[in-house]
Amino acid sequence: MAQASGTLASHAFLDSIPAWLAQSRVPGLALATLENGRVTAVRTFGVLRTGEPLAPNALWNVASLTKPVVSMTTLRLVDAGRIGLDAPLDPYWIDPDIRDDSAHHLLTTRLVLSHQTGFPNWRWLTPNKKLAFLFKPGTSYRYSGEGFEYLRHALEGMTGRSLQQLSDSVLFSPLGMTETTYGWNTRKDSLRFVAGHDTGGMEVQVVKRTMAAPNGADWLVTTIGDYSRFGEAVLGRVGLSPSIFAEMLRGQVQMNGKPDDVMGLGWEVLTGPATDAHILVHTGSDDGIKTLIILLPDSRRGLVVFTNGDRGMDVTMRIVKSALALKALTP
């Protein structure tokens with residue numbers, strides 16, 4: 001029988017998830033399915049920590065799944081004419097470490113969202129712990145959390161509002177994402193916070209990041225329900241003009257080591273089958289936490305998967321292949 005347009009290839013995988021989790025020593029998993037452009041189900045399996053069942057209202061640090069949210073916030077501001085996609089960012093922010101390097105004049109929103117800034121992932125990983133250009137901006141691809149933090153500073157300098165306030169106004173409030181914050185908010189219920197686990201299934205000790213300023217690249221705290229509403233909005237192209245949405249899907253730069261993948265604006269863009277010309281993917285990885293969102297805009301299908309184990313991506317890839325019939329996807 002032909003697959004119905006906009007529906008998952010199969011739901012049979014749901015029965016296998018507990019066994020897959022046990023095989024990979026992943027204590028818990030939260031899953032949202034999207035079909036025909038809508039969230040059709042939110043399911044949880046296992047525990048958030050020993051003895052505590054994982055519930056849909058659990059609070060997750062989704063790691064780098066922060067970046068698609070920041071990207072969509074930014075693109076809505078671009079669409080509203082508040083910031084130019086190709087306008088220099090230096091009127092609003094110049095990091096002190098690169099003030100004397102004229103290459104900062106080349107930095108734009110487009111280059112940040114497509115990881116072409118020339119920055120390392122994090123400055124603290126470099127020998128001198130300072131931010132510097134590894135190559136001329138706009139000439140190559142290199143994944144960079146520093147780039148998104150640079151953009152965060154520029155957006156806040158331009159608007160006089162924090163990233164949390166900007167996302168609240170253009171994304172979180174309109175979508176009903178009431179549980180979503182950048183970093184840990186001390187007013188949240190700690191008992192709902194999901195603990196990460198190592199490859200042996202032992203709990204990883206993590207200090208919750210309570211930040212005076214949001215981080216533009218990491219540590220978005222949210223629920224599976226909130227983040228699935230975000231996925232639904234992307235599939236529905238909510239808040240983006242056709243031209244900006246098309247630009248988001250367009251390959252901006254070839255990704256290193258992935259000949260079939262390009263980087264769009266805020267998303268890795270894969271070439272899909274005939275029915276799905278574009279596949280939007282982003283993953284997240286912090287100690288003991290592995291997350292993924294995958295969206296197919298043409299057939300309006302998708303998955304959001306959060307796991308609390310270092311081998312969580314093993315389970316996630318089995319789900320993706322079963323639910324979406326995508327055999328060649330690599331995280």
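Among contacts in the protein between residues at least 6 apart in sequence, what share joins residues at least 24 apart? That share is 64%, with contact meaning heavy atoms within 4.5 Å.

This is a predicted model, where local features need pLDDT of at least 70, side-chain atom pairs count only at pLDDT 80 or more, and totals for chains, interfaces and linings use all residues. Residues are numbered from 1 along each chain as its sequence is written, and side-chain values use heavy atoms, with hydrogens and water left out.

Overall, the protein has 8 helices and 12 strands (DSSP runs numbered from the N terminus: H or I of at least four residues for helices, E of at least two for strands). Buried residues, meaning those under 20% relative accessible area with a 1.4 Å probe and protein chains only, make up 58% of the 331 residues.

Now for a helix pair. α2 (66-79) and α6 (residues 224-235) pack at about 45°, with their axes 12 Å apart. Axes are lines fitted to C-alpha atoms over the stretch in contact, and angles run from 0 to 180 degrees between N-to-C directions. The two helices are therefore oblique to each other, the class left over once under 35 degrees (roughly parallel), over 145 (roughly antiparallel) and 65 to 115 (roughly perpendicular) are taken out. Here is who makes the contact:

| Helix | Contact residues |
|---|---|
| α2 | Pro-68, Val-69, Met-72 |
| α6 | Tyr-227, Phe-230, Val-234 |

Asp-101 sits in the loop between α2 and α3 (109-113). Asp-101 and Ser-190 are 89 residues apart in sequence and 44 Å apart in space, C-alpha to C-alpha.

Terms used:
Buried means under 20% relative accessible area, exposed over 50%, partly exposed in between (1.4 Å probe, protein chains only).
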